[in-house]
Amino acid sequence: MGTWNSRGLRGSTLEDMINHSNEVYRERKLALIQKIPTPITPITIEKETRHITLAYFDQKSTVDYIGAVQGIPVCFDAKECAVNTFPLHNVHEHQIQFMKEFEEQGGVAFIILYWTGRDEIYYIPFDELKGFWDRMQRGGRKSFTYDEMDKSFRIGRQRDVLVHYLAMIQKDLERRE
């Protein structure tokens, strides 16, 4: 696995890196993953240019990405966290419900979490995320820590694939068998 302390990644957001990886996956016919646009409601539109100058985010969106990897349906959300504790309020109840139903239909759901302070990216399988979520619902912590995660799901880099999450999907599927 490569390191994330690369000069080429400075200034790139997690979504930019994932979008680039998805394009490489598509070109190599390994996966077809699409970024789902965030639904917005425009408030003000500039007449001459027809640009939206003021809008608000619609409450419910599903996940950031959806598609198929070698015939397997996948959906995931991309998250970033600067400190060693990830607040679960960054994942919404309707997203948990969508991912649960997605998995019930035979798909694979997960989040990709970039711990920016550590410069490390992880694949969080849905069952692990759901465990943290259920703990919160029972009155426990409203977050999970870096130390609580399964470190074997660290996402590496492979040549020009900046966020090589396909290897982690394979690992996730193998542990389910």
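Modeller: Let us begin with a pair of strands: β4 and β5 run antiparallel to one another and are joined over 5 bridges. The model is a predicted one.

Colleague: How many residues lie between the strands in the hairpin of β4 and β5?

Modeller: The hairpin has 2 residues between its strands, and Gln 70 adopts a positive phi near 50° there.

Colleague: In which sense do β5 and β7 pair?

Modeller: The pairing of β5 with β7 is parallel and extends over 8 bridges.

Colleague: Is β5 largely enclosed or largely open?

Modeller: To decide, one counts the residues with under 20% relative accessible area. In β5, 7 of the 10 residues are buried, so the strand is largely enclosed by the rest of the structure.

Colleague: What is the strand order of the open sheet?

Modeller: The order is β1-β4-β5-β7-β8, an open sheet of 5 strands with mixed pairing. Its edges are formed by β1 (31-35) and β8 (120-125), each of which pairs on one side only. From one strand to the next, the twist averages 25°.

Colleague: How do β7 and β8 pair?

Modeller: Strand β7, residues 108-115, pairs with β8 in the antiparallel sense, over 6 bridges. Here Phe 110 stands opposite Pro 125 of β8.

Colleague: Which strands does helix α2 touch?

Modeller: Helix α2 (residues 93-104) packs on the sheet and touches β4 (65-69), β5 (72-81) and β7. The direction of α2 makes about 155° with that of β5.

Colleague: Which residues of α2 and α3 meet?

Modeller: From α2, Glu 93, Ile 96, Met 99, Lys 100 and Glu 103 take part; they meet Phe 126, Leu 129, Lys 130 and Trp 133 of α3.

Colleague: Let us turn to a single residue. Is Ser 21 buried or exposed?

Modeller: Ser 21 belongs to helix α1, residues 14-27. Its relative accessible area is 0%, so Ser 21 is buried. Beyond its neighbours within four places in sequence, Ser 21 is in contact with Val 161, Leu 162 and Val 163.

Colleague: How many helices and strands are in the chain?

Modeller: The chain has 4 helices and 9 strands. Read from the N terminus, its elements follow the pattern α-β-β-β-β-β-β-α-β-β-α-β-α.

Colleague: What percentage of the residues of the chain count as buried?

Modeller: Of its 177 residues, 39% count as buried. The chain exposes about 10,100 Å², and carbon and sulfur atoms supply 50% of that area. As for contacts, among those between residues at least 6 apart in sequence, 65% join residues at least 24 apart.

Note on methods: Residues are numbered from 1 along each chain as its sequence is written. This is a predicted model: local features need pLDDT of at least 70, side-chain atom pairs count only at pLDDT 80 or more; totals for chains, interfaces and linings use all residues. Side-chain values use heavy atoms; hydrogens and water are left out. Two strands pair if DSSP finds at least two bridges between them. Axes are lines fitted to C-alpha atoms, for helices over the stretch in contact, and angles run from 0 to 180 degrees between N-to-C directions. Contact means heavy atoms within 4.5 Å. Buried means under 20% relative accessible area, exposed over 50%, partly exposed in between (1.4 Å probe, protein chains only). Accessible areas come from the Shrake-Rupley method with a 1.4 Å probe; for residues, only the protein chains shown count as cover.
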